[in-house]
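Reader: Could you walk me through how to read this model, one feature at a time?

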Amino acid sequence: MAEAAVPLLRVRDLKVHFPLTRGAFIQRQIGSVKAVDGVSFELARGETLGLVGESGCGKTTTGLAVLRMLAPTGGSIAFEGEDITRHDAARMRPIRRRMQMVYQDPYGSLNPRMKVRDIVGEPLVVHGLDGDAARYRERVAALLDMVGLLPDMADRYPHEFSGGQRQRIGIARALALDPRLLVCDEPVSALDVSIQAQVVNLFMDLQKRLSLAYLFIAHDLSVVRHISDRIAVMYLGRIVEIAGRDELYRDPLHPYTKALLAAVPIPDPVLEAARPQQVIAGEVPSVLNPPRGCRFHPRCPMAEARCAQEEPQLRKTPSGRSVACHLATV
Amino acid sequence: MSLAATAAPLLSVRDLSVSFRTPRGTVRAVESLSFDLNAGETLAIVGESGSGKSVTALSLLRLIPDPPGRIDSGQILFEGRDLLKLDEAGIRAIRGDRIAMIFQEPMSSLNPVLTVGTQVGEPIHLHRGTGWAAALAQVKTLLEKVSIPDAASRLHAYPHQFSGGMRQRVMIAMALACAPQLIVADEPTTALDVTVQAQILAILKQITREVNSALILITHDLGVVARYADRVAVMYGGRIVEMAPARELYAHPRHPYTRGLMDSIPRLDDASGKRLVPIDGQPPDLARLPPGCAFAPRCRHALDRCRKERPVLERADEAHFKACFVDG
């Protein structure tokens, strides 16, 4: 992270709460789902931050809020130094060119009635950048080439493509406006193992070529370690730890990070047989009613009385990592 | 091809072929499949979508929807009997009793309008003729075994009142109800979070060990295979392309597809950050399989022969089998 320069993205104490209402005509708010509840991180230009956690931890909601596809209920989001937290649609429009999304589902996220040319070129049309017909075709051809598809595929429909190719189409569309930031929500989870590697490599090549920054949201810790520079681990709406990818795997500080890493099997039977098989008990509690104090304490093997009372804040360690745990020794 | 020279295997699949009639033509989902499974052994069947691994699992219990599917040929010898020769009543007597199945999606495989106690108790009641009161008492013990807290009161709960992980525990309890000799688990943890996956697989492994039942674990996750399997069969294009004891397979993968898979997955313990080596191209279209080896179009070592002739699974080493003409 560049200390002096403004980070590409700065998220401070982000909150996204969804109201829970009761009643058909007269709706009363009876509570709220705190999907994201005080999340802070920064992302430098050209950097990849992996966002990991189990279902319901708020990683997707965080991604959507960063793109302002959801309205934050608290905190702030600054993109290229500009506070966009309360921007309306009109003011978001020029910013949207600079930040784009790649979705998980390569089947559901492409309009089956549109030709690939129009899917990939639609952002250009929407932003009035399509120019004349020849330039438009040329630009789409260049985008397809960039993601490893053939220019003559532009006249086909999504159903003619495999899952991996469709994900490439989704990436081409996200790149159409030459963005600085891609929020990628589980972009390789739906793909077969042998295809996943092709798309992971594509992401890494594009980053080098276009100096893109990625907010890479995924549950597969092996993929995230491979692709990220730094990794943020989320649990029940909060970030519990942020560290460089190798530090995080070598020396996880938060008990939840430790549990997550221990749960991931390594494709090596000899190594697996020697690995201590510690399985943490319990499941992620409901976001409707998160535990008091540290949200992880009911499952934490180290928890003390204090953990049930006080919520630990994300604090910086001397080595520049961050962890939210009363007991982590730094 | 028997691996156990001494005792007869628990399950012996011979030349199994399964096809589906589709508007696009006949899809040969599984072709000339043969493997053995010993009592108490865990065999992982690994492959990508369309490799035929789930169809193999369903065939074992004769659960292939017919039409459009059909078991064309082969034998499935289980405890000395050919399951493909049994009538409907005969196979029903085996399902859930001697062989049980665990599916990927615990929500759609549990009946939403029956209590968990009724569903887990049903095989005990049906196969053992146990009265319902006694069956429910056994269910309580089963639920405790799969670590469902407060089992006694959960007997009367409905599936929607359980989380995904808890539902999969219920599925395991149901599969274990009659202490089967063989459990077939089709991607049992794919829909679950990683910490819950570890819990479920640990329970499954521990319990199969306790009752010495064999387990066929169908998965696409090479990490899960490494942690839990004794032996591995790798499927591609409807066939087993390589089969070996787990340690042997990971240490010396002999089929180019297996080697390709190992090189293409990022590893949690890999700090080198070196570029992944993907397998080029796409998995094959089962309705339009090439005449030779199904992997030949993606294989870097393919010979002329590979494009014309289909290699069969042959012994390459003591317990190591591969279907490949290329030496290596």
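**Reading the model**

Author: Let's start in strand β1 of chain B, which is the place of B:Asp15; helices (H or I, at least four residues) and strands (E, at least two) are DSSP runs, numbered from the N terminus. Keep in mind that this is a predicted model, where local features need pLDDT of at least 70, side-chain atom pairs count only at pLDDT 80 or more, and totals for chains, interfaces and linings use all residues. Residues are numbered from 1 along each chain as its sequence is written, while chains are lettered from A and ligands numbered from 1 in the order in which they are written.

Reader: What is the phi of B:Asp15, and is B:Asp15 buried or exposed?

Author: Burial here is a neighbour count: a residue is buried if 20 or more other C-beta atoms (placed from the backbone) lie within 10 Å of its own, exposed if 12 or fewer, and partly exposed in between. B:Asp15 has 12 other C-beta atoms within 10 Å, so it's exposed. Its phi is positive, about 50°, although B:Asp15 is not a glycine. Chain A has a case to look at too: A:Ser211, not a glycine either, has a positive phi of about 40°. A:Ser211 sits in the loop between α6 and β8 (213-217) of chain A and counts as exposed, with 11 C-beta neighbours inside 10 Å.

Reader: Back to β1(B): which strand do nine bridges join it to?

Author: Two strands pair if DSSP finds at least two bridges between them. For β1 (residues 11-22) of chain B, the nine bridges go to β2(B), and the two run antiparallel. One of the bridge partners to look up is B:Gly25 in β2(B), which goes with B:Thr22.

Reader: In what order do the four strands of the open sheet come?

Author: The order is β2-β1-β4-β5 in chain B, with antiparallel pairing. β2 (25-37) and β5 (81-82) of chain B are at the edges with a single partner strand each, so one side of each has no neighbour in the sheet. Helix α1 (residues 53-60) of chain B packs on the sheet and touches β1, β2 and β4 (69-78) of chain B, its direction making about 70° with that of β2(B). For angles, axes are lines fitted to C-alpha atoms, for helices over the stretch in contact, and the values run from 0 to 180 degrees between N-to-C directions.

Reader: How do I read a helix pair, say α3(A) and α5(A)?

Author: Two packed helices are described by the angle between their axes and the distance between the axes. The axes of α3 (residues 116-126) and α5 (residues 163-175) of chain A come within 6 Å and cross at roughly 30°.

Reader: Which residues of α3(A) meet α5(A)?

Author: A contact means C-beta atoms, placed from the backbone, within 7 Å. A:Val116, A:Ile119, A:Val120, A:Glu122 and A:Pro123 meet A:Ile169, A:Ala172 and A:Arg173 of α5(A).

Reader: And how many residues of chain A are in contact with chain B?

Author: It's 35 residues of chain A with 38 residues of chain B. α6(A) gives the most to the chain A side, with six residues.

Technical notes. Contact = placed C-beta atoms within 7 Å.
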